[in-house]
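Please look through the structure below with an eye to one helix and to the aromatic side chains.

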Amino acid sequence: MPGVFLDHVGDQKLDVSPFKIRHSLLGTKVLELDSLTEILLRLPKNQVYLSNTRLDKQDDFEATFKKRKDGSCSLESALRGMLHSDSLIMVNSPEVDSAFKPVYEEIMESIAKLVAQRDRRKRILMPTLYLFIASPNSVTPFHIDRYSTFLFQFRGSKKVYVAEPWDNRVVSDANREAYISYANTKLPWNDGQERLFTCFDFTPGECIHIPFVSGHFVKNGSDDISISMSLIFNTENTMMWRRALNFNHRARRILRPLNVAPYPVGRSDARDLSKSFLWQSWTKFKGVF
């Protein structure tokens, strides 16, 4: 497949299991630290998030970045001292800067070709590009995403731990539904779960696909700063699952007094489609009344 993916990716792999492939973006000037520093300093401040605290697997990843950056350390000083600090920088939609836009467009074109194998309209829904710059040994806490993800590595090494999607030993049905519904962003964690994850040794020039709702966390290497980027997006299929999970979250609360649980999402396409339709109809009804 031409484009950013140097290895063949069949549509049958998308959102089924995690996998690692090579990408063609290594060596792109705009993704080097000096260029990124210039871009980040001119981006709107509300797009750049900074954490100066070393995180661990059990921390609440989303809550960390809902906080505004710590005034005790400026973005510029964090970037200059990244190698010897505990900093983690996340940038939402860096492609608003004209220097970054060609990279975003190239990634989107390759993903559109992949999605088109399932959907002739090439429907990539809610795509968002994120850039991550992290100090050595930093950790991205355990979480799931409400999207499909392709994660690209450009500098430094890391270990990326990814579980199979829909594995209830990693994330229970109830916790998955609550997370997708934005009712809870902190998932329970215990170290015994780690055996359920596939560990990918991740180096520059490589890309990992993290399926929709797959639990994952990241440990950066000790050798260098890590620069990585993820493109998150939805498809018609993942949007169907999102609506079905929202339906289940609401149904679970209604059925709880009866000690009945809704049938889990991700096991039956027919049930999931029905729940998706019902949820969509309900939200439209609420919007009218």
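The report that follows takes up a helix and its surroundings, then the aromatic rings, and then charges placed over rings.

## Helix α1 and its cover

The model is a predicted one. Helix α1 spans residues 33-42, and its buried residues are L33, S35, L36, T37, I39 and L40.

## Aromatic pairs

In this model there are 14 aromatic pairs. One of them joins Y130 and F132, whose ring centres are 6.3 Å apart and whose planes meet at 25°, so that the pair counts as stacked, the cut-off for stacking being under 30 degrees. Y130 and F132 are both buried.

F150 and F233 make another stacked pair, with 6.2 Å from centre to centre and 0° between the planes. Because F150 belongs to strand β6 and F233 to strand β11, this pair ties together parts that are 83 residues apart in sequence. F150 is buried, as is F233, and the two also belong to a cluster in which ring pairs link F5, F19, F150, F152 and F233.

## Charges over rings

F19, a member of that cluster, has the charged end of K13 over its ring, at 5.3 Å from the ring centre. Elsewhere, R271 is placed over the face of Y263, and the distance to the ring centre is 4.0 Å.

Notes: Residues are numbered from 1 along each chain as its sequence is written. This is a predicted model: local features need pLDDT of at least 70, side-chain atom pairs count only at pLDDT 80 or more; totals for chains, interfaces and linings use all residues. Side-chain values use heavy atoms; hydrogens and water are left out. Buried means under 20% relative accessible area, exposed over 50%, partly exposed in between (1.4 Å probe, protein chains only). Helices (H or I, at least four residues) and strands (E, at least two) are DSSP runs, numbered from the N terminus. Rings of Phe, Tyr and Trp (its six-membered ring) pair if their centres lie within 6.5 Å; planes under 30 degrees apart count as stacked, over 60 as edge-to-face and the rest as tilted. A charge sits over a ring if NZ of Lys or CZ of Arg is within 6 Å of the ring centre and within 35 degrees of the ring normal.
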